[in-house]
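Take a first walk through this structure.

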Amino acid sequence: MSIQTLGIKIGKTIIQIISQQIIKYITSEQFQKRVSDMLEGVVDKIVKAVLSENKSK
């Protein structure tokens, strides 16, 4: 087995492990709560900005 072949196999294994960890994190409750909280904050700021803009007209 050449060094290139070995390097490719090791690289594929590393990518597979990292992909599995990313999938675990993205599907975790903690990640989903963070995204939900972030979206809630963004929507809240947009609503406040629109209301503020309407008051000033």
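A patch is built from residues with over 30% relative accessible area and no salt bridge; like charges are joined within 9 Å, and nonpolar side chains (Val, Leu, Ile, Met, Phe, Trp, Tyr) within 5 Å. Accessible areas come from the Shrake-Rupley method with a 1.4 Å probe, and for residues only the protein chains shown count as cover.

This is a predicted model, where local features need pLDDT of at least 70, side-chain atom pairs count only at pLDDT 80 or more, and totals for chains, interfaces and linings use all residues. Residues are numbered from 1 along each chain as its sequence is written, and side-chain values use heavy atoms, leaving out hydrogens and water.

Met1, Leu6, Ile10, Ile14, Ile18, Ile22, Tyr25 and Ile26 make a nonpolar surface patch of about 780 Å². Take Ile14. It lies in helix H1, residues 3–26 (helices are DSSP runs of H or I, at least four residues, numbered from the N terminus). Ile14 counts as partly exposed because its relative accessibility is 44% (buried is under 20%, exposed over 50%, partly exposed in between).

Now the charges. Side chains of opposite charge can pair when their charged atoms come close. The structure holds 2 salt bridges (a side-chain nitrogen of Lys or Arg within 4 Å of a carboxyl oxygen of Asp or Glu).

One joins Lys33 to Asp37, with the closest N and O atoms 3.1 Å apart. These two are separated by about one helical turn, because they sit 4 residues apart in helix H2, residues 29–56. Lys33 is exposed at 51%; Asp37 is partly exposed at 41%.

Asp44 pairs with Lys48 in a salt bridge, the closest N and O atoms being 3.4 Å apart. Both lie in helix H2, 4 residues or about one turn apart. Asp44 is partly exposed at 38%, while Lys48 is exposed at 53%.

Definitions and conventions
Buried means under 20% relative accessible area, exposed over 50%, partly exposed in between (1.4 Å probe, protein chains only).
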